[in-house]
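Please read it alongside the model.

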Amino acid sequence: MFVDLPVLPQTQAFLNRKLKMLIGAQWQDATSGNTMSFRNPASGEVLGDVPSASAEDVDRAVQAARQAFDDSPWSRMRPRERQNLLWRLADLMERDAQELAELECLNNGKSAAVAQVMDVQLAIDFLRYMAGWATKIEGTTVDPSLPLMPNDQFHGYIRREAVGVVGAIVAWNFPLLLACWKLGPALATGCTVVLKPADETPLTALKLAELVLEAGYPAGVFNVVTGTGLNAGVALTRHPGVDKLTFTGSTEVGKQIGKAAMDNMTRVTLELGGKSPTIVMPDANLAEAAAGAASAIFFNQGQVCCAGSRLYVHRKHFDNVVADIAGIANGMKLGNGLDPSVQMGPLISAKQQDRVTGYINLGRELGATIACGGEGFGPGYFVKPTVIVDVDQKHRLVQEEIFGPVLVAMPFDDLDEAVRLANDNPYGLGASVWSNDLSAVHRMIPRIKSGSVWVNCHSALDPALPFGGYKLSGVGREMGAAAIEHYTELKSVLIKL
């Protein structure tokens, strides 16, 4: 299918081909022959079809991953070789960065220009960071006491070993980046992977699989099964041959995956939803804070797990900051992400558009004030950037994740109230504080219950910093050295000398 705005010839060629799943080293259809369509969110038009995997297809992929882990060149590969393969994969992604960004834009709706410098570049940087860990996975030695055997000598040590076959399920908001967050530590430690991309966004996962083969990874190390969460996703989470599950998505689905994992005692990490607060203290640079708060909620159409969707501003500056953010929102250009001048694209689907506008209408019904935006439109799945005030802290708009470009703003009077309001929510993924008073900031940071706290910035991610949440925002961490721990097991060894 041809698209409205020009793309690279290789992007168009990728769209025009018959897309298949990667199982082992073979591109395959679903055994049933079933397919599922995916759409361009900017127009609502069908872009193409991919196989719709069944439990049988998932089983074939898990078996391929198990074979590669247990007995293949991959299972005997040295850390340096795993490191070099990750570097090779990152180099290929860098070569094809524009194509990856265009595929992400067409399938997800986000700006292609932003995707290239953010999504794709962060994925490349993360793989290179994780490549370094391949040669730095260490154990320890201990001097055992064993009081019941006082006359014998022992040597004790602790190994850190790859956990095995990893089942990875990722969300549709950052399809490529999230896949690499799973793939990087898995490959660095020597695991094998079965990836199930989101129903709506299979394209960059299949392109990534193509690059993995080109990089020279052995068959079965990386497998991609496309299909619905209800079929392929459920089969992967319940498969007894999967040693670890890693999921990024909604808290509701994450709970189901966590429960399924416990049936097989499968290791699990869950990076889930958020309702992150943005706190503007009385001494903050107000222009910077307003711009930062706008970016925190409107970036990626608000479809960010750690989006700054709750704004708390000191009462004496509240009206001015809200007015500045509304002015930024009203000036944003919405449209097709292939247009480099567009500042905000569409939401992922008609379902998500209805969900977001439903929350906005709920606010109207309960007497909240819409300071700007508040409307959805088409063709495509657009929602105008929206700021809502006069909302009670206990309201669903404040307590529930909307996952769209909707900001709820409330005033506070002092530091203690700001911290209390920030923590008064079931989520705890991220938070930002805008202030130049370092004493106040350092008093606040330990009291804020979230996995990340940013000061005078928001959603600033680095491969070396662990990312994950408190409370309903998940279990475990992505990125940093912490990720290596989640993809390995500890083995204690005791040798009588």
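**Notes on the domain interface**

1. Domain 1 and domain 2 bury about 1800 Å² between them, and 64% of that area is on carbon and sulfur atoms. The model is a predicted one, and these values are computed from it.

2. On the domain 1 side, the residues that lose the most area to domain 2 are Pro41, Ala42 and Trp172. Together these three make up 28% of what that side buries.

3. As for the bounds, the domain assignment places residues 9-272 and 474-494 in domain 1. Domain 2 covers 277-455.

4. The C-alpha centres of the two domains are 31 Å apart. Domain 1 contributes 25 residues to the contact and domain 2 contributes 22 residues.

5. How many salt bridges are counted between domain 1 and domain 2? The count is zero. Polar contacts do occur: five residue pairs across the interface meet the rule, with both residues at pLDDT 80 or more.

6. Two helices, α4 (97-108) and α5 (112-133), are the elements that each give two or more residues to the side of domain 1 that touches domain 2. Of the elements, α4 gives the most, with five residues.

7. Sorted by class, the side of domain 1 that touches domain 2 holds 10 nonpolar, nine polar and six charged residues.

Methods:
Residues numbered from 1 in each chain as written. Predicted model: local features only at pLDDT ≥ 70, side-chain atom pairs only at ≥ 80, totals over all residues. Heavy atoms only, no water. Domains from an automatic or database assignment. Contact = heavy atoms within 4.5 Å. Buried area = accessible area lost by both parts, 1.4 Å probe. Salt bridge = Lys/Arg side-chain N within 4 Å of Asp/Glu carboxyl O. Polar contact = N/O pair within 3.5 Å; in protein donor to acceptor, adjacent residues only side chain to side chain. Helix = DSSP H or I, 4+ residues; strand = E, 2+ residues; numbered from the N terminus. Nonpolar A, V, L, I, M, F, W, Y, C, P; charged D, E, K, R; others polar.
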